[in-house]
Amino acid sequence: MIKAILLVGAGSFAGGVLRFIVSILMQGKWVPKDFPYHTLAVNVIGCAAIGVVFALMNRAGAGEGIRLFALTGVLGGFTTFSAFSLDFFRLVQSGNTFQAAVYVIASVVLGLCATYSAYKLAAVHT
């Protein structure tokens, strides 16, 4: 268990640094400031990357350690949206399309409600 935690932690560090680098690169004069392009870019890049990495790992028969480091750690640290996307894909791939739809709707609606509610609660008490 300690090894798994360290693998995910090391990967998350790398993914977080990569996310920060992408954000910095997208803060130029050529990128408008009125839309979160950096977050959109990270999410799309992360989703494409997790699709490729997942396919390559399946083909190569990658072990649990490398999966924890790369998928959960690096790409999860880069963007949790990629993990969300992979969870959705796995549900669809296994034939659970109804569960996949519920997962997407619940994640988006509950996530937005949680953010709004927590903000309102914290704003009242600060």
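## Working through the helix packing and cores

Helices α4 (residues 80–93) and α5 (residues 97–124) pack with their axes 7 Å apart, at an angle of about 160 degrees. Keep in mind that this is a predicted model.

**Exercise 1.** Work out how α4 runs relative to α5, and which residues meet.

*Solution.* Start with the angle, about 160 degrees. Angles over 145 degrees count as roughly antiparallel, so α4 is roughly antiparallel to α5. Next, the handedness: the crossing of the two, α4 and α5, is left-handed. Now for the residues. From α4 come F84, D87, F88, L91 and V92, and they meet T97, Q99, A100, Y103, V104 and S107 of α5. Sort that contact by class and you get seven nonpolar, three polar and one charged residues.

**Exercise 2.** Find the largest nonpolar core and say which elements give two or more residues to it.

*Solution.* Seven residues make up this core: I50, F54, M57, A70, L71, L75 and L86. The elements giving it two or more residues are α2 and α3 (64–78). Another core lies apart from it, with six residues, including V22, M26, V31 and A41. Then zoom in on F54: beyond four places in sequence, F54 touches R67, L71, L86, F89, R90 and Q93.

**Exercise 3.** Decide whether N43 is buried or exposed, and what N43 is in contact with.

*Solution.* First place N43: helix α2, residues 37–60. Its relative accessibility is 17%, and the cut-off for buried is under 20%, so N43 counts as buried. Finally, leaving aside neighbours within four places in sequence, N43 is in contact with T79 and F81.

Definitions and conventions
Residues are numbered from 1 along each chain as its sequence is written. This is a predicted model: local features need pLDDT of at least 70, side-chain atom pairs count only at pLDDT 80 or more; totals for chains, interfaces and linings use all residues. Side-chain values use heavy atoms; hydrogens and water are left out. Helices (H or I, at least four residues) and strands (E, at least two) are DSSP runs, numbered from the N terminus. Buried means under 20% relative accessible area, exposed over 50%, partly exposed in between (1.4 Å probe, protein chains only). Contact means heavy atoms within 4.5 Å. A nonpolar core is a set of buried Ala, Val, Leu, Ile, Met, Phe, Trp, Tyr and Cys residues joined through side-chain atoms within 4.5 Å. Axes are lines fitted to C-alpha atoms, for helices over the stretch in contact, and angles run from 0 to 180 degrees between N-to-C directions. Angles under 35 degrees count as roughly parallel, over 145 as roughly antiparallel, 65 to 115 as roughly perpendicular and the rest as oblique. A crossing is left-handed if the near helix is turned anticlockwise from the far one by less than a right angle, and right-handed if clockwise. Ala, Val, Leu, Ile, Met, Phe, Trp, Tyr, Cys and Pro count as nonpolar, Asp, Glu, Lys and Arg as charged, and the others, Gly among them, as polar.
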